[in-house]
Amino acid sequence: MAARMPTQGFENEIVVFDTADPASDPPQLSVIFLHGRGGNAHEFSGDLFGPILPSTGLGLRESMPTVRWVFPSAKPRWSSAFQETMNEWFDLPSLADVHADPERQAEGLIDAVNFLKRLVESEVTLQSGRWERVIIGGVSQGMATAVAAWIKEGWSIRLGGFIGFSGWVPEVELGSAGLCPQKGDGEGRQHADEKRVPPLLLVGHGVDDAWVDVQFGREAFARLDGLRIEGWGSSSLSRCHPQEAPRWREYSGADQEGHWLKEPEALEDIKAVLGAALSSLSSHSI
């Protein structure tokens, strides 16, 4: 069953689906997944876990019983696009041009990135300091928020992976660091190369997405994959198992005019990436 996470230090509502018995069977992986504009944690998790996967005959959660799922809700904000208050990670004036009015976007996005940073650190603590046991991602505006945090915080050399759909890379200045990758120092790089595997990467987008053009998704994948290469180097990447390779997926015929996860293909892709992450953690345990 879902359990509402203790809200000490967090203003956002957070819904968690843990393992059956976290005390005796702690989760091997934490996945933080952000909903899109106008959504919330309860609805989003229900939509994600409801469909049955053909490969297992179960929903996504039951198919991955050792994964801890963390769904935060965005705080209500005034939407300039819809002229009403709704849950959104930051104010986005237009989906036709997701880069319009970056100053307006920045206020909420800075707040959302700082919140996600604290939430990731909380999950890392739960995972005994193992950053590679935490994966982040999201859908639409949730993916854009996760991308912004991933780039700003330099998580391509720390976290275990990124999963996103129907999103983009925000072109917004986020404080003095902006959206620039923070490279690790020599010691951190050596630890990454010798004792870990690069983060897994899955980005998908509908070619018929009527709300966010698929080209934005292609650009996001290229940016994230480029950071992966830059942060890890060819020697580490050459040792990756084929199942650990970055994955770009294009779908057709998804609900919400193509602006959603294609069922069941996208859910099967998520399951495959999480399975690869668990396999990598097992074979590269430190």
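Of the 286 residues of the protein, 56% count as buried, where buried means under 20% relative accessible area, exposed means over 50%, and partly exposed lies in between (1.4 Å probe, protein chains only). The model is predicted, so local features need pLDDT of at least 70 and side-chain atom pairs count only at pLDDT 80 or more, while totals for chains, interfaces and linings use all residues. Residues are numbered from 1 along each chain as its sequence is written, and side-chain values use heavy atoms, with hydrogens and water left out.

The protein contains seven helices and 10 strands, taken as DSSP runs numbered from the N terminus (helices: H or I, at least four residues; strands: E, at least two). Among contacts with a separation of 6 or more, 74% join residues 24 or more positions apart, a contact being heavy atoms within 4.5 Å. The accessible surface comes to about 12,100 Å², and carbon and sulfur atoms supply 51% of that area; the Shrake-Rupley method with a 1.4 Å probe gives these areas, and for residues only the protein chains shown count as cover.

Strand β3 (residues 29-34) runs parallel to β7 and is joined to it by five bridges, with Ile 32 standing opposite Ile 136. Strand β8 (residues 161-165) is likewise parallel to β7, again through five bridges, and here Ile 135 has Gly 161 as its bridge partner.

An antiparallel example is found in strands β5 (residues 76-79) and β6 (residues 84-87), which pair over four bridges. Within this pair, Arg 77 stands opposite Met 86 in β6. The two strands form a hairpin with four residues between them. In the loop between β5 and β6 sits Gln 83, whose phi is near 55°, a positive value in a residue other than glycine. Gln 83 is exposed, at 53% relative accessible area. Ser 128, in the loop between α3 and β7, likewise is not a glycine and has a positive phi of about 55°. The relative accessible area of Ser 128 is 67%, so this residue counts as exposed.

Another backbone feature worth a look is the peptide bond from Glu 263 to Pro 264, which is cis, with omega near 5°. Pro 264 belongs to the loop between β10 (247-251) and α7. Helix α7 (residues 265-283) includes Glu 265, which counts as partly exposed because its relative accessibility is 35%. Glu 265 and Leu 53 are 212 residues apart in sequence, yet their C-alpha atoms are 8.6 Å apart in space.

Grid points are joined across faces, edges and corners, and a volume is the space filled by probe spheres set on the points. Three cavities of 30 Å³ or more are counted by this rule. The second largest cavity has a volume of about 60 Å³, and its lining consists of Asn 12, Lys 75, Arg 77, Glu 88, Trp 89, Gly 108, Asp 111, Ala 112 and Phe 115. Helix α3 (residues 102-126) provides the largest share of this lining, with four residues. By class, the lining of the second largest cavity comprises three nonpolar, two polar and four charged residues; Ala, Val, Leu, Ile, Met, Phe, Trp, Tyr, Cys and Pro count as nonpolar, Asp, Glu, Lys and Arg as charged, and the others, Gly among them, as polar.

The largest pocket has a volume of about 430 Å³. Its lining has 21 residues, of which Gly 36, Arg 37, Gly 39, Gln 256 and His 259 lie nearest the centre. Helix α1 (residues 41-49) gives the largest share of the pocket lining, three residues. The lining of the largest pocket divides into nine nonpolar, nine polar and three charged residues.

Methods
1 Å grid on protein atoms, 1.4 Å probe; cavity = no way out; pocket = protein on both sides within 12 Å on 5 of 7 lines; lining within 4 Å. Pairing = 2+ DSSP bridges.
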